[in-house]
Amino acid sequence: MNADYLELTDLTVSFDGFVAVDRVNLSVLPGDLRFLIGPNGAGKTTLIDAVSGLVPATGAARWAGVDLVGRKVHRIARLGVGRTFQTATVFEELTVTQNLDIAAGARRGVLTLARRRTRVPEVVVEAMETVGLTERADALAGTLSHGQKQWLEIGMLLVQDAKLLMLDEPVAGMSSDEKDETGRLLQRVAAGRTVVVVEHDMDFMRAFATSVTVLHAGKVLAEGSVAQVQADPRVQEVYLGPGRHSEAALGEGV
Ligand SMILES: Nc1ncnc2c1ncn2[C@@H]1O[C@H](COP(=O)(O)OP(=O)(O)OP(=O)(O)O)[C@@H](O)[C@H]1O
């Protein structure tokens, strides 16, 4: 079995008796660009919170052979698990390079950081190229567009050597050009890594997902290729059933 493999077994998260994630079984292989979709409140964010150690869970979340359930957030991060949030958390008053350098430093440790360095570390240069921010290297993060801030945040995970990246609604609020750019960026990132994207944007999902898991009321409702989940009547019911909004529709023909 490949070492960098995410496998959730009966993963469950309860908040005071309310089950937000309900015995989820899920496997994601390296190289996959897995989209996690589902209506509001389906448990998508809670699921990635549980894998990153932000909320307590039961069951198992095995990553690279290690069960993450019950481990502390920083230990999980050190195992190569990174995630972004719906709102980018970059240091606005620092440059793109400085943001990446600090993130890389978090990985390097105090001793290495204390050494005087005049050169930008190679890992920072590479991450900047991967996320397409080389030309903005010296720009203050606060002056970046919304999309560029999300890319910087992904770059910060790359310099920390994250091998499992979980991204929470990365294209929310982006222009259509930025969305396309983000899709291509995620394809580059997913080569050799495992990427899970929580997303409501169905056009974006259709354009870039290699596989899709649909969550509903905390449970896995369907899983497969984009075409498979789009054709699934249960998925259509969840997205287009009574009381659902048409903008949440999965796509033409449903
Ligand atoms: N800390 C918490 N305490 C209590 N209930 C919570 C907590 N966090 C989430 N929930 C509940 O768990 C359910 C799942 O929420 P979650 O945010 O994971 O859904 P989601 O699929 O990400 O939704 P959205 O697409 O709207 O972001 C919701 O009913 C939510 O109200």
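Two residues are taken to be in contact if their C-beta atoms, placed from the backbone, lie within 7 Å. Under this criterion, and leaving aside neighbours within four places in sequence, V197 is in contact with L33, R34, F35, L36, L167, P170 and L186. The structure is a predicted model, in which local features need pLDDT of at least 70 and side-chain atom pairs count only at pLDDT 80 or more, whereas totals for chains, interfaces and linings use all residues. Residues are numbered from 1 along each chain as its sequence is written.

The chain contains 10 helices and 10 strands, where helices (H or I, at least four residues) and strands (E, at least two) are DSSP runs numbered from the N terminus. Of its 254 residues, 42% count as buried; a residue is buried if 20 or more other C-beta atoms lie within 10 Å of its own, exposed if 12 or fewer, and partly exposed in between, with C-beta atoms placed from the backbone. Among contacts in the chain with a separation of 6 or more, 65% are accounted for by residues 24 or more positions apart.

The domain assignment gives domain 1 (1-80 + 164-171 + 192-241) and domain 2 (84-162), the bounds being drawn from an automatic or database domain assignment. The C-alpha centres of domain 1 and domain 2 are 26 Å apart. Domain 1 contributes 7 residues to the contact, and domain 2 contributes 7 residues. On the side of domain 1 that touches domain 2, 4 residues are nonpolar, 1 is polar and 2 are charged. In this classification Ala, Val, Leu, Ile, Met, Phe, Trp, Tyr, Cys and Pro count as nonpolar, Asp, Glu, Lys and Arg as charged, and the others, Gly among them, as polar.

The largest nonpolar core has 72 residues, and L100, L152 and V197 are those with the most contacts inside it. A nonpolar core is here a set of buried Ala, Val, Leu, Ile, Met, Phe, Trp, Tyr and Cys residues joined through C-beta atoms within 7 Å. Helix α6 supplies the largest share of this core, 7 residues. Because domain 1 (1-80 + 164-171 + 192-241) and domain 2 (84-162) both give residues to the core, it lies between them. In soluble globular proteins, nonpolar side chains tend to be buried together.

Helix α6 (residues 146-159) also packs with helix α5 (residues 122-130): their axes come within 9 Å and cross at roughly 140°. Axes are lines fitted to C-alpha atoms, for helices over the stretch in contact, and angles run from 0 to 180 degrees between N-to-C directions. The crossing of α5 past α6 is right-handed; a crossing is left-handed if the near helix is turned anticlockwise from the far one by less than a right angle, and right-handed if clockwise. On the α5 side V123, V124, A127, M128 and T130 take part, meeting G155, L158 and V159 of α6. By class, the contact of α5 with α6 comprises 6 nonpolar and 2 polar residues, with no charged residues. L158 belongs to α6 and counts as buried because it has 24 C-beta neighbours inside 10 Å. Residues up to four places away in sequence not being counted, L158 touches A127 and T130. The C-alpha atoms of L158 and V21, 137 residues apart along the chain, are separated by 28 Å.

Helix α1 (residues 44-51) is mostly covered, with 8 of its 8 residues buried. The buried residues in α1 are K44, T45, T46, L47, I48, D49, A50 and V51. The helix is followed by G53, which has a positive phi near 90°.

E169, in the loop between β7 (164-168) and α7 (176-190), has a positive phi of about 50° although it is not a glycine. E169 counts as buried because 20 C-beta neighbours lie inside 10 Å. A217, in the loop between β9 (211-216) and β10 (219-224), likewise has a positive phi of about 50° without being a glycine. A217 is partly exposed, as 14 other C-beta atoms lie within 10 Å. Most residues other than glycine have a negative phi.

G218 lies in the loop between β9 and β10 and counts as buried, with 23 C-beta neighbours inside 10 Å. Leaving aside neighbours within four places in sequence, G218 is in contact with V19, A20, V21, D22 and G43. G218 and S14, 204 residues apart in sequence, are 10.0 Å apart in space, C-alpha to C-alpha.
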